[in-house]
Amino acid sequence: MITKPAEMDFSQKKYVMIIAGAPGLGKTTLALSAPNPFLFDVDNGIERVSAEHRCVTSNVQKYEELLADMQSPEYNAAETIVIDTGGSLVQLMKDWAKKQDKRAATNGMAMFGVIKQEFDRLTYQIRNVDKKNTVIVFHTTEQSKGDNIQVRLSCEGSSKDIVWTPADFGAYMFIENGKRKLGFSPTEEYFAKGSYGVHGVWDVPDLSGGKKNDFLTNLFAQAGESLVNELDVYAKDREAYAAAMEEGNAILASIKDAETATAAVPALRDMSHALTSKDELVGKLRSACKELGLTWDKGAKAYVQNNA
Amino acid sequence: MYKITHSLLSSWQYATSEDAREGAFDDFLCTLRGEPFEPTEAMLKGRRFEEAVNRLVADGAPPIEDNDAVVDIAKIVQGGAPQVRGEKGLLINGQKFLLVGVADYLKAGTIYDIKRTSRYEYGKYQDSTQHPAYFELFPASAFVYLIFDGYRVYQETYYRADTPSIEQTIIQFIDFLRASDLMPDYIEHWSVSDEV
């Protein structure tokens with residue numbers, strides 16, 4: 001189905017978010033601030049969450065039980081699925097993976113291959129089939145890179161590498177001057193990912209005094225608003241871009257020889273451009289000229305035939 | 001005016017990093033001095049992969065190997081302008097530079113770069129000089145690395161708002177050349193006319 005930018009509707013958009021950080025910072029509580037959450041407590045951490053912030057929780061000992069709980073009415077009713085933690089989920093998948101594939105039973109690499117595939121399938125199902133927000137919590141580990149210490153997701157195998165591609169947000173949680181912070185922009189110390197106007201470092205609210213745990217609910221709502229606003233602004237740019245590309249492509253289509261190629265240069269330069277239309281069209285002009293065997297003569301300020 | 005490219009900066013950055021392989025500094029010197037060097041098997045593999053994507057996008061030519069990855073990436077870049085060259089004059093600490101780069105694909109405000117790597121770990125391109133350099137060259141808001149590790153395709157996206165300027169890296173590079181007595185090599189091989 002082809003949709004024009006002006007017809008796109010993101011009101012039902014579901015978000016995928018990664019929350020990473022050291023133990024004890026309140027990552028699970030933060031994850032549970034997403035809209036109407038359902039928690040897969042693979043790390044057995046729900047008891048560390050204050051009673052008023054707990055939600056419907058699936059405690060499982062086997063991956064098969066987790067898959068069964070995805071058929072429950074409680075799961076179906078939830079708007080957000082929280083996986084706590086991604087690293088523990090991979091551990092849980094190990095026995096299951098060994099039963100899926102003969103090689104995986106004896107070969108560690110094959111086993112992690114099966115896990116990676118299943119991790120990908122599972123997150124795809126939550127996001128695209130079941131149409132729910134997904135929040136995956138990770139502990140972190142440190143690695144040295146040159147003079148710097150870099151923080152990375154703690155997770156065996158390479159499943160951690162596939163979660164970033166579909167993620168809308170990847171936030172690193174840390175303490176600065178006694179306050180909890182969430183970093184959405186990559187730095188030398190940590191990797192992160194922001195979008196829809198959510199960038200930089202955000203303060204994580206203190207929940208003492210019975211404050212509502214709704215940080216991610218608000219963040220998703222704000223991202224939704226930004227998405228709509230961005231769409232409005234971008235729609236104008238896109239419209240101008242589409243018009244420029246149409247006009248520019250018509251100019252390029254007229255190029256048949258050195259004379260028409262030379263005439264295309266001021267025509268492309270003087271027309272109105274938007275986004276990257278100028279660079280794209282100039283790139284296409286150069287390719288077209290190359291195909292016709294034309295080169296730019298700086299002195300004559302004109303295209304000339306190579307063998308002329 | 002001195003020409004400067006992401007490839008030169010990247011070669012220097014890698015050659016002077018802790019995890020540089022043996023011979024990396026010699027490769028950097030070759031790049032600095034404009035000397036040809038034998039491409040590694042990894043480089044050739046990367047070129048073949050990128051060419052397969054380009055052929056599929058341009059002519060619909062079906063890929064011979066890595067079919068799914070080539071098709072996946074071709075779908076993303078389809079409709080964009082391939083191999084777009086960008087040039088921009090920069091004035092840094094009173095010195096003129098001509099920053100030059102070629103975007104694999106440019107499409108509606110996004111730069112795409114195709115990478116074929118033998119081992120991928122997320123955040124691999126976080127410290128790359130490529131997206132800071134290319135944000136200087138093109139009026140794009142996002143830079144997407146399209147990465148194939150032989151098994152699957154990954155995307156790493158960087159936004160202009162989150163990306164530091166390339167200027168600081170260029171300053172550090174020039175400081176390094178001066179400290180290492182390599183500035184004469186740079187001047188000899190990378191000087192270009194101010195009229196470019």
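**Note on a predicted two-chain model**

1. A:T85 sits in the loop that runs between β4 (80-84) and α4 (86-100) of chain A; helices (H or I, at least four residues) and strands (E, at least two) are DSSP runs, numbered from the N terminus. The peptide bond that joins A:D84 and A:T85 is cis, with omega about 0°. Most residues other than glycine have a negative phi, and most peptide bonds are trans. A:K131, not a glycine, has a positive phi of about 55°, and A:K131 is found in the loop between α6 and β5 of chain A.

2. This is a predicted model, in which local features need pLDDT of at least 70 and side-chain atom pairs count only at pLDDT 80 or more, while totals for chains, interfaces and linings use all residues. Residues are numbered from 1 along each chain as its sequence is written, chains are lettered from A and ligands numbered from 1 in the order in which they are written, and side-chain values use heavy atoms, with hydrogens and water left out.

3. The interface comes next. In chain A, 32 residues are in contact with 28 residues of chain B (contact means heavy atoms within 4.5 Å). The two chains, A and B, bury about 2,700 Å² between them, with 50% of it on carbon and sulfur atoms; buried area is the accessible area (1.4 Å probe) that two parts lose on being put together, summed over both. A:D161, A:F191 and A:D279 supply 19% of the area that chain A buries against chain B, more than any other three residues.

4. One salt bridge is counted between chain A and chain B, where a salt bridge is a side-chain nitrogen of Lys or Arg within 4 Å of a carboxyl oxygen of Asp or Glu. The partners are the side chains of A:D120 and B:R152, at 2.5 Å from N to O.

5. On the side of chain A that touches chain B, at least two residues each come from α6 (108-129), β5 (133-145), β6, α7 (159-162), α8 (215-253) and α10 (277-291) of chain A. The largest share, five residues, is that of α10(A). By class, this side has nine nonpolar, 11 polar and 12 charged residues. Ala, Val, Leu, Ile, Met, Phe, Trp, Tyr, Cys and Pro count as nonpolar, Asp, Glu, Lys and Arg as charged, and the others, Gly among them, as polar.

6. Over all chains, the whole structure has 14 salt bridges. A:D168 forms one with A:K13, the closest N and O atoms being 3.3 Å apart. This pair links distant parts of the chain, 155 residues apart: A:D168 is in the loop between α7 and β7 of chain A, and A:K13 is in the segment before β1 of chain A.

7. The second largest cavity holds about 50 Å³ of space. A cavity is a set of points, on a 1 Å grid over the protein atoms alone, where a 1.4 Å probe fits but cannot get out, and lining residues have an atom within 4 Å of a point. Among the residues that line this cavity are A:G26, A:R180 and A:F215.

Notes
1 Å grid on protein atoms, 1.4 Å probe; cavity = no way out; pocket = protein on both sides within 12 Å on 5 of 7 lines; lining within 4 Å. Points joined across faces, edges and corners; volume = space filled by probe spheres on them.
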